[in-house]
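This report walks through selected side-chain pairs, a strand surface and a helix. Please look over the entry below before reading on.

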Amino acid sequence: MTTHEIRQHFFDFFESKGHKIVPSAPMVVKNDPTLMFTNAGMNQFKDYFLGNNVPKVRRIANSQKCLRVSGKHNDLEEVGVDTYHHTMFEMLGNWSFGDYFKKDAIAWAWELLTEVYKIPKDQLYVTVFEGDDADGVPKDEESIEIWKKFIAEDRIILASKKDNFWEMGETGPCGPCTEIHVDIRPEADRKAISGIELVNNDHPQVVEIWNNVFMQFNRKADGSLEPLPETHVDTGMGLERLAMALQGKTSNYDTDLFQTLIVEMERVSGVKYGVKEETDIALRVIADHVRTIAFSIADGQLPSNTGAGYVIRRILRRAVRYGYQTLNLKEPFLSGLSVVLGKEMGDPYQELLNQKDIIEKVIYEEELSFFRTLEHGIKRMDALMINTKADNKTILNGAAVFELYDTFGFPVDLTSLIARENNLTIDEEAFEIELDKQKTRSRAATAVEAGDWITLIPDAQEEFVGYDNLVARVKIVRYRKVSQKQKTFYQLVFNQTPFYPEGGGQVGDTGFIEHNGEKTIIFDTKKENNLIIHLTEKLPEFPGSDFDAHVNVSKRALTTANHSATHLLHHALRTVLGTHVEQKGSLVNEKNLRFDFSHFSKVTAEELKEIEDIVNREIKAGIALQEHRNVAIEAAEQMGAMALFGEKYGDSVRVIQFGPSLELCGGTHVNNTSQIGLFKLTAESAVAAGIRRIEAITSTTAENLLTEKAEKLDAINSLFKNPKDLKAVVEDMIQKNHAYQKQIEVFQREKGQLVKADLKAKVELINGINYLGEKVNLDAGNIKDILHQLKGEFNNFVAVLGGIEDDKCNLTLIISENIVAEKGLDAGKIIRTLSTHIQGGGGGQAFFATAGGKNANGLDKAIAEFKELVVS
RNA sequence: GGGGAAUUAGCUCAUUUGGUAGAGCGCUUCGCUGGCAGUGAAGAGGUGAACGGUUCGAUCCCGUUAUUCUCCA
């Protein structure tokens, strides 16, 4: 049974049990501050469990692409080392939201595994929660009783809170779970040692395949539990592991999905899989990681240096590192592999095919960039090793190794490998200490402490009224205190709100709420799990009152104009550049708009002009907004509205239309394009391989900029007496200026040569020393040059020159190296004494020194003293 | 979000208690060769990212900003 068939059977089975099959949510999470990636099938349904939203359908099943890089069983550094951990995996799941519970969930799980997938019953074991006194949760007798109908009692294993009690986070919904484990060892082994002994013992062939979570409690901030009003079922079954069991393999990497990738890597590297442990690990790492990277990019998450993008970059670099170090691949190889992946998985996951060019190109550029980092690091590494050997040491300094890693991104295990090849080791302990310090610093900077929600009005659903109103009468439904970095603020939820929460690239509204003359400033509005949250630094005195909510009108108006302009821009880009242009990100605030999109070359000046013209034509045309709220997603697609990759849409969406521009969008928009006033492009640049960025301004901001520019130009024009061709005049002036400067330099040099000839005549031979001491009318730079030249022309040369510039003066000393050595003179020291005569200070090297001061009258004295000192 | 680093000639990079800004490649001119490849010589090319501070003096020390790299969360 191929993996694709296994996935399809799962869908068919649960559809027959009345479930709706929904698509996978994007792997990259957009509006949940606690999560960067989807790490379980239930993520997209979180607000159903939290009660923020009510599901339309109570039974759902799907296959969810998930990404895990940390957690109790998953550390990035372990993936690939064994044969059953992954960064990205597909999670098959079925859900009940307040519908069926333990009885049906367990019965169906058993039916699917034993009758559809035909796993022998004597290879299955189940675990059930044993209860926890501290939490006051009893043993899950209910599940045990249900299991007894299907499986021998001795195969039902009690397990502790650690393995069989599931929690969403520190607080929130939680409950006991029951896990199904499969024993895929050969028959002889199974007879020798019972699988019961090996369940939950990290045996690679006695593994958990399906976890059924029964959510029945809510965990509060003080740690106590309360029953949920409705119970839910949340299950998850790893597709890769299931495929291993069903295909009779002992490793996930031996299943069809991964073998395609591994075979390709064997071809590229010339290394066979299954020959050597070390190279096998490398091949597994690469096969695993390329999936994660390609899917992330398809979901709109490009590698970058912060947040989720950084996780992707790290995974990519880990894969490249294994290829580089172990498979001896010194050129990009992952981008090619991503093409093979696209062919293999493009059928169930269309996004891979639709975006194959950009995926390949982005990966390729990232690989090149990492190779540059490696090259740079190797240079530094060489220097470090030379220094270490010079100090007669064999251990590389831990702090230095850390710097190499932290500042220059050079992987530690590569450092370690190169060190070994040079008979050196690294101080791992010191390295770890440095790494820990860095981690502590970062954590302290981002620690967030959230209090319990204080509910004022139970069961209220929040409604957004901000499309039509900028003012509204609101009540606070609940609030909580949040602390971060010694700053405390409050999060408020209203019954209805005119405040637009940050989303779709548009910034959140600001404003205030007012009761009885008391104004409470709302400094930002955000969305968390579909809940609109208003941020304020202080709570109103009477939170239970009615409030008048006022959105900051001018900020909203400017932002709105920018957002509508973004839509026009998007459409214009597709018209001028082609329909390969896809939105890759956008930022819309009251100052400007920024739009990132896929396009493979620089947008030319002509194209930019054309784009700007189209947008401005549409603004002048005064196109009325056609807003369609609560459109079914299918209907919206039929209208031809543009949806974004990696964006999760609900069942019903909002469609924004300005003439030919048609987009799914939740943002705020002008009623008529004429309200945008004016559109002006301000920048075009590259953000990543194949991704360009355009920035623009609109409305009064654009008008002000144009006015300002015109004023500047007028001013310059009048400075040049209003010439016909200002540009030519300025160019000419710049060129002349350059030429004049060159000429001045020539003159100065000539003058210097004259002075030099003069000075040469004044050199006297005293006691075998060629002495010169004079005041000159030259700048310090020229004096320096002349003295160095004279030193080259005279043997045993010793000179001091005093120069006067404006209200300052300077002294310059030079002494031939042999005199320095013979007489033990030090120009630097001498000049410090001399400089007292001119009320200044100075210093330098033994043969050359300079000083500056305020009192030019002291120059003669200083010269005299110097003569005394060196000649006598 | 927090930390570390980088920014020097067209390109790749040197330059250690702050005291004369350099190399390689590329470019220009000239020479050798019938021409090319090659090679020899000379030369041009620098507000040392921007701004401010400390200092007699800053590419170097300090601060701010910008851009880029990098690690951590």
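## Salt bridges

Lys17 and Glu111 pair through their side chains in a salt bridge, with N to O at 3.2 Å. Lys17 sits in the loop between α1 (3–16) and β1 (20–21), while Glu111 belongs to helix α3 (residues 102–116), so this pair ties together parts 94 residues apart in sequence. Glu111 has 26% relative accessibility and therefore counts as partly exposed. Note that the model is predicted. Under the rule applied here, the salt bridges number 43.

What is the distance between the closest N and O atoms of Glu366 and Arg313? They are 2.9 Å apart, and the two residues form a salt bridge. Helix α13 (residues 356–390) holds Glu366 and helix α10 (residues 307–325) holds Arg313, so the pair ties together parts that are 53 residues apart in sequence. Are these two residues, Glu366 and Arg313, buried or exposed? Both Glu366 and Arg313 are buried.

## A further pair and a network

Arg629 and Glu627 also meet in a side-chain salt bridge, at 2.7 Å from N to O. Arg629 is partly exposed because its relative accessibility is 35%, which falls between the 20% and 50% cut-offs. Glu627, with a relative accessible area of 30%, is partly exposed too. Elsewhere, shared partners link salt bridges into one network of Glu77, Arg318, Arg321 and Asp413.

## The surface near RNA strand B

How many residues surround RNA strand B? The count is 32, and the closest are Tyr310, Arg317, Asp406, Gln845 and Thr850. Of the RNA strand B atoms that come within 4 Å of the protein, 58% belong to sugar and phosphate.

The largest share belongs to α16, with six residues.

Side chains approach phosphate, sugar and base atoms of RNA strand B. Tyr310 places a polar side-chain atom 2.2 Å from a phosphate oxygen of RNA strand B. For Thr407, a polar side-chain atom lies 2.6 Å from a sugar or linking oxygen of RNA strand B. Thr850 has a side-chain N or O atom 2.3 Å from a base nitrogen of RNA strand B.

## Helix α25

Helix α25 (residues 859–871) has 13 residues. At 1.5 Å a residue, the helix should span 18 Å, and its end C-alpha atoms are 18 Å apart, so the two values agree.

Which residues of α25 are buried? They are Leu859, Ala862, Ile863, Phe866, Val870 and Val871. Viewed down the axis of α25, the buried residues fall within an arc of 130°, so they line one face of the helix. An α-helix has 3.6 residues a turn, so residues three or four places apart point the same way. The face turned away from the buried side of α25 carries the exposed residues Lys861 and Glu868.

Where does Asn562 lie? Asn562 is part of helix α17 (residues 553–577). Its relative accessibility is 1%, so Asn562 counts as buried. The side chains of Asn562 and Thr698 are joined by a polar contact of 2.7 Å.

Notes. Residues numbered from 1 in each chain as written. Chains lettered and ligands numbered in written order. Predicted model: local features only at pLDDT ≥ 70, side-chain atom pairs only at ≥ 80, totals over all residues. Heavy atoms only, no water. Salt bridge = Lys/Arg side-chain N within 4 Å of Asp/Glu carboxyl O. Helix = DSSP H or I, 4+ residues; strand = E, 2+ residues; numbered from the N terminus. Buried < 20%, exposed > 50% of the residue type's maximum accessible area, 1.4 Å probe, protein only. Near = heavy atom within 4 Å. Polar contact = N/O pair within 3.5 Å; in protein donor to acceptor, adjacent residues only side chain to side chain. Expected span 1.5 Å × (residues − 1). Arc of directions from axis to C-beta.
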